[in-house]
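Hi there,

Here is the structure I promised to pass on. My notes on it follow below, so please open it alongside them.

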Amino acid sequence: MSIDITRIGGRIGAEVAGIDLKQPIEPGDAGAIHDALVEHKVLVFRGQHLDDEQHQRFASIFGELTLAHPTVPSVDGQANVLEVAGGEGARANAWHTDVTFVVAPPKATTLRSLVIPPYGGDTLFSNTAAAYADLPEHLRLLADRLWAEHSNEYDYAEHPQFRSAEVDEYQKVFVSTRYRTAHPVVRVNPDSGVPNLFIGNFVTGIIGLSKTEGRDILRLLQHYVTRPENTLRHHWQVGDIVVWDNRSTQHYAADDYGDLARKLHRVTVAGDVPVGVNGEKSRILEGDEATHYTPQVQ
């Protein structure tokens with residue numbers, strides 16, 4: 001049975017059928033899936049029902065795996081697997097790109113569903129290359145020159161009504177080691193050569209600008225990222241696995257399911273140090289290269 005790749009969004013996303021991810025993937029199929037990821041940014045595989053070992057084997061077709069997270073503990077006995085199951089106030093319901101506070105963020109993220117609520121809990125994705133292409137020329141020229149500071153000092157409890165012991169403990173673990181990194185606002189995807197807006201909710205400001213100026217510019221650029229034309233909404237079913245190119249996307253986990261259970265497992269693939277349109281690489285402002293978390297991709 002041959003792989004069938006079907007586009008599901010106008011500018012982002014494809015569904016992949018005709019392959020059983022429980023089995024080892026042939027090199028030719030792995031290459032086709034990798035190329036499809038670069039092209040479509042998000043790939044959806046329905047009804048796979050993988051275990052942690054099969055999940056990691058699948059993720060490894062995209063490259064060497066990272067550990068689960070720079071600061072958050074992994075699933076017991078699975079050093080590369082992160083559980084995603086936060087309570088109210090501790091959910092990633094903000095547009096972001098994964099782990100951009102380190103100098104070499106993941107190349108790709110894979111997420112598989114274990115427990116899904118009867119309603120709500122969708123994940124939204126955006127194509128940041130399309131967002132960059134949408135910018136008027138003057139804004140593109142401005143964005144090309146900007147650098148942003150990314151930090152893990154992100155408050156998962158911005159809304160006081162959701163403050164809880166769980167949220168406080170999670171935030172304490174999340175920032176147990178401080179990371180601050182300067183990344184270009186526009187990075188070039190090394191596989192496609194296409195520029196992308198590289199911002200999101202781990203950005204704390206624009207380097208060289210005041211907080212007010214930086215916030216206004218980021219809000220303007222982020223508007224293009226979240227335009228409906230550039231987004232895809234995935235409605236989870238148990239057994240799904242979704243992979244996205246973390247270099248060319250943002251995502252948002254909708255927190256609209258109250259106290260219902262939702263549990264997924266995440267495995268990420270090591271990435272390179274981002275490069276701006278002028279060839280300059282990202283640099284560390286505080287912390288280290290996080291080599292305990294991610295191999296350094298040359």
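One convention before the details: helices and strands here are DSSP runs, with helices (H or I) of at least four residues and strands (E) of at least two, numbered from the N terminus. Please also keep in mind that this is a predicted model.

Overall picture

The protein has six helices and 16 strands. Of its 298 residues, 53% are buried. Among contacts with a separation of 6 or more, 83% are between residues 24 or more positions apart. The protein exposes about 12900 Å², and carbon and sulfur atoms supply 50% of that area.

Helix α1

Helix α1 covers residues 27–40, and its length works out well: 14 residues at 1.5 Å each should span 20 Å, which agrees with the 20 Å between its end C-alpha atoms. Its buried residues are Ala30, Ile33, His34, Ala36, Leu37, Val38 and His40. The cover over them includes β1 (4–7), β2 (14–17), β3, β5 and β13 (241–245). Just after the helix, Lys41 takes a positive phi of about 75 degrees.

Two more backbone angles to look at

Most residues other than glycine have a negative phi. His49 is not a glycine, yet has a positive phi of about 50 degrees. His49 sits in the loop between β3 (42–45) and α2 (52–59), and counts as partly exposed because its relative accessibility is 46%. Val99 also has a positive phi, near 55 degrees, and belongs to the loop between β4 (82–84) and β5 (108–115). Is Val99 buried or exposed? With a relative accessibility of 3%, Val99 counts as buried.

Strand β6

Strand β6 (residues 123–127) is largely enclosed by the rest of the structure, because five of its five residues are buried. Both faces are covered, with Thr123, Phe125 and Asn127 on one side and Leu124 and Ser126 on the other. Strand β6 runs antiparallel to β12 (residues 231–234), joined by four bridges, and Thr123 stands opposite His234 in that pairing. Five bridges join β6 to β14 (residues 249–253), again antiparallel; here Phe125 stands opposite His251.

Salt bridges

Side chains of opposite charge can pair when their charged atoms come close. The count for this model is 17 salt bridges, and these are some of them:

- Asp216 and Arg219 meet at 3.1 Å, N to O. Both lie in helix α6 (residues 211–225), three residues apart, about one turn of the helix. Asp216 is partly exposed at 41% relative accessibility, whereas Arg219 counts as exposed at 52%, since the cut-off for exposed is over 50%.
- Glu229 and Arg227 meet at 3.5 Å, N to O. Glu229 is partly exposed, with a relative accessible area of 40%, and Arg227 is partly exposed at 25%.
- Arg233 and Asp256 meet at 3.8 Å, N to O. This pair links distant parts of the chain, 23 residues apart, with Arg233 in strand β12 and Asp256 in the loop between β14 and β15 (263–269). Arg233 is partly exposed at 48%, and Asp256 is partly exposed at 38% relative accessibility.

There is also a network of salt bridges that links Glu149, Glu153, Arg178, Arg180 and Glu286.

Technical notes. Residues are numbered from 1 along each chain as its sequence is written. This is a predicted model: local features need pLDDT of at least 70, side-chain atom pairs count only at pLDDT 80 or more; totals for chains, interfaces and linings use all residues. Side-chain values use heavy atoms; hydrogens and water are left out. Buried means under 20% relative accessible area, exposed over 50%, partly exposed in between (1.4 Å probe, protein chains only). Contact means heavy atoms within 4.5 Å. Accessible areas come from the Shrake-Rupley method with a 1.4 Å probe; for residues, only the protein chains shown count as cover. The expected span of a helix is 1.5 Å times one less than its number of residues. Two strands pair if DSSP finds at least two bridges between them. A salt bridge is a side-chain nitrogen of Lys or Arg within 4 Å of a carboxyl oxygen of Asp or Glu.
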